[in-house]
Amino acid sequence: MRNIIRFLFSVFVFFFVGCKGVNKDNKYYLESKEIIEVDAGFHAMFSNIYSDDNSEYIFLWDAITYKQAVFYDLRSKKIIDQIQLDTVAGKLPGIETINVRSRDSIFVLANYSNKIFLIDNDGVILEKYDFDSLICQNKRYTARKSNVNEFIDDRNRVLVNCEYSYYNDDVENKPDKWDEWRSNSHKSPYLFMINDLFDDSIQTKFFASNFYNRFTTSRQEVLEVAKYLSSKESVFIFSIFVDTIYEYSLISGDLKKLHHIQSNYTNLGYEPPTVNQVKQGYHNTLAQTKGIISGLIYDEFTKRFLVTVQHEIPIETPQTDRLRPWSILIYDSEFNKLGEIKMDEKKYKAKLYVTSKGILVPTRILEQKDEDYFNKTTFELFELVQN
């Protein structure tokens with residue numbers, strides 16, 4: 001009898017403790033496939049996925065310290081191209097972001113100048129496109145990137161965030177001018193689009209005006225990186241201040257749908273900071289402790305949207321300890337929620353990349369105290385599995 005009890009206990013432990021640590025209440029889980037370590041000679045702060053007929057690649061780059069970029073071949077597990085960014089970086093006030101068209105055609109969006117540069121895999125500038133006169137018609141706008149979307153797609157369509165930036169030089173000392181700037185900023189178009197950058201008869205469009213007026217007042221600030229994801233016919237805009245993703249038509253520019261995001265683990269969104277709170281630096285505390293929608297990608301292989309959310313933590317948490325828990329929310333192509341997976345924030349960064357083999361997640365395996373931290377970037381490849 002004692003042996004039978006031991007056997008039954010072992011079976012219990014195997015099924016309820018040892019099955020990949022899966023929460024059986026969840027409809028989905030991530031199954032680890034492999035660890036990917038890219039020894040580029042620098043720790044990449046930015047990366048994206050590019051594919052061609054031969055393979056899939058991680059494109060990693062650092063335009064500030066090392067001014068380098070690399071293509072890492074996911075098939076051969078090797079770095080196949082190393083690109084110097086010194087030449088193009090030397091001609092710019094800064095690099096806003098980089099998008100890959102092919103291994104020898106790479107687009108660079110310049111900081112605060114409304115210019116796009118095309119470079120090859122040697123870092124040589126092939127073309128320069130100045131669209132300042134297109135985006136700055138009646139008011140002064142600066143093209144900014146999205147933290148989840150490429151600024152130019154494979155149809156040469158350019159889609160950038162419009163940052164309203166026109167005001168008098170003495171605005172710092174005139175609160176009424178700040179109010180005027182803030183009002184114009186809130187009601188300005190959120191997006192600017194060039195239908196085809198290479199078309200002789202360039203067509204442009206501004207849309208999503210008054211986006212921030214949907215959830216702010218004239219005395220609130222909206223300091224955040226733009227967040228939008230485009231598809232063939234729609235663009236999905238979201239903000240750290242709300243629990244909603246706004247879907248606009250890229251054809252008409254009209255608002256099509258609102259997609260409310262609900263997490264099992266946290267509230268999402270918070271009241272935007274007031275002008276006085278920003279002056280006191282309190283906006284950083286709010287942004288680092290409140291529950292927010294932080295990312296959105298579309299998995300073209302499984303036809304699912306994946307939303308990353310960072311969970312709320314106590315607002316009094318010391319700045320050095322603000323490593324927030326996060327989770328992945330899974331939606332079908334019509335934004336019906338399918339499940340949610342809580343991630344280990346101590347092991348993984350709240351960022352996702354889609355490949356044909358699964359989902360790539362940047363890891364925290366290497367810490368700054370490690371010798372290889374400033375030379376390598378690490379990822380873990382997962383398969384999204386349904387229970």
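Which residues are linked with Glu 31 in a network of salt bridges? The network joins Glu 31, Lys 33 and Glu 383, where a salt bridge is a side-chain nitrogen of Lys or Arg within 4 Å of a carboxyl oxygen of Asp or Glu.

The exercises below concern a predicted model, in which local features need pLDDT of at least 70, side-chain atom pairs count only at pLDDT 80 or more, and totals for chains, interfaces and linings use all residues. Residues are numbered from 1 along each chain as its sequence is written, and side-chain values use heavy atoms, with hydrogens and water left out.

**Exercise 1. Describe the open sheet that contains β10, and follow the pairing of β12 with β13.**

Step 1. Begin with the terms: helices (H or I, at least four residues) and strands (E, at least two) are DSSP runs, numbered from the N terminus, and two strands pair if DSSP finds at least two bridges between them. Strands of a sheet pair through backbone hydrogen bonds, either parallel or antiparallel.

Step 2. This open sheet has 4 strands in the order β10-β11-β12-β13, and the pairing is antiparallel. Its edge strands, each of which pairs on one side only, are β10 (141–144) and β13 (204–209). On average, neighbouring strands of this sheet are turned by 35 degrees against each other, direction ignored; the axes are lines fitted to C-alpha atoms, for helices over the stretch in contact, and angles run from 0 to 180 degrees between N-to-C directions.

Step 3. Strand β12 (residues 189–194) runs antiparallel to β13, and 5 bridges join the two. Pro 189 has Ser 209 in β13 as its bridge partner.

**Exercise 2. Describe the open sheet that contains β1, and find the residue opposite Val 354.**

Step 1. The antiparallel strands β22 and β23 (residues 358–362) are joined by 3 bridges, and the residue opposite Val 354 is Ile 359 in β23.

**Exercise 3. Work out how the buried residues of helix α6 are arranged.**

Step 1. In α6 (residues 282–289), the buried residues are His 283, Thr 285, Leu 286 and Thr 289.

Step 2. Seen down the axis of α6, these residues fall within an arc of 160 degrees, so they line one face of the helix; the arc is that of the directions from the helix axis to the C-beta atoms.

Step 3. The buried residues of α6 pack against α5 (275–279), contact meaning heavy atoms within 4.5 Å.

**Exercise 4. Is Asn 114 buried or exposed, and what is the phi of this residue?**

Step 1. Asn 114 is placed in the loop between β7 and β8, and counts as buried at 1% relative accessibility.

Step 2. Phi of Asn 114 is near 55 degrees, a positive value in a residue other than glycine. Most residues other than glycine have a negative phi.

Step 3. Lys 303, in the loop between β18 (292–299) and β19 (304–310), also has a positive phi, near 60 degrees, and is partly exposed with a relative accessible area of 48%.

**Exercise 5. Examine the salt bridge between Glu 221 and Arg 182.**

Step 1. The closest N and O atoms of this pair are 3.4 Å apart, and both Glu 221 and Arg 182 are buried.

Step 2. Glu 221 lies in the loop between β13 and β14 (228–230) and Arg 182 in helix α4 (residues 175–187), so the pair ties together parts that are 39 residues apart in sequence.

Notes
Buried < 20%, exposed > 50% of the residue type's maximum accessible area, 1.4 Å probe, protein only.
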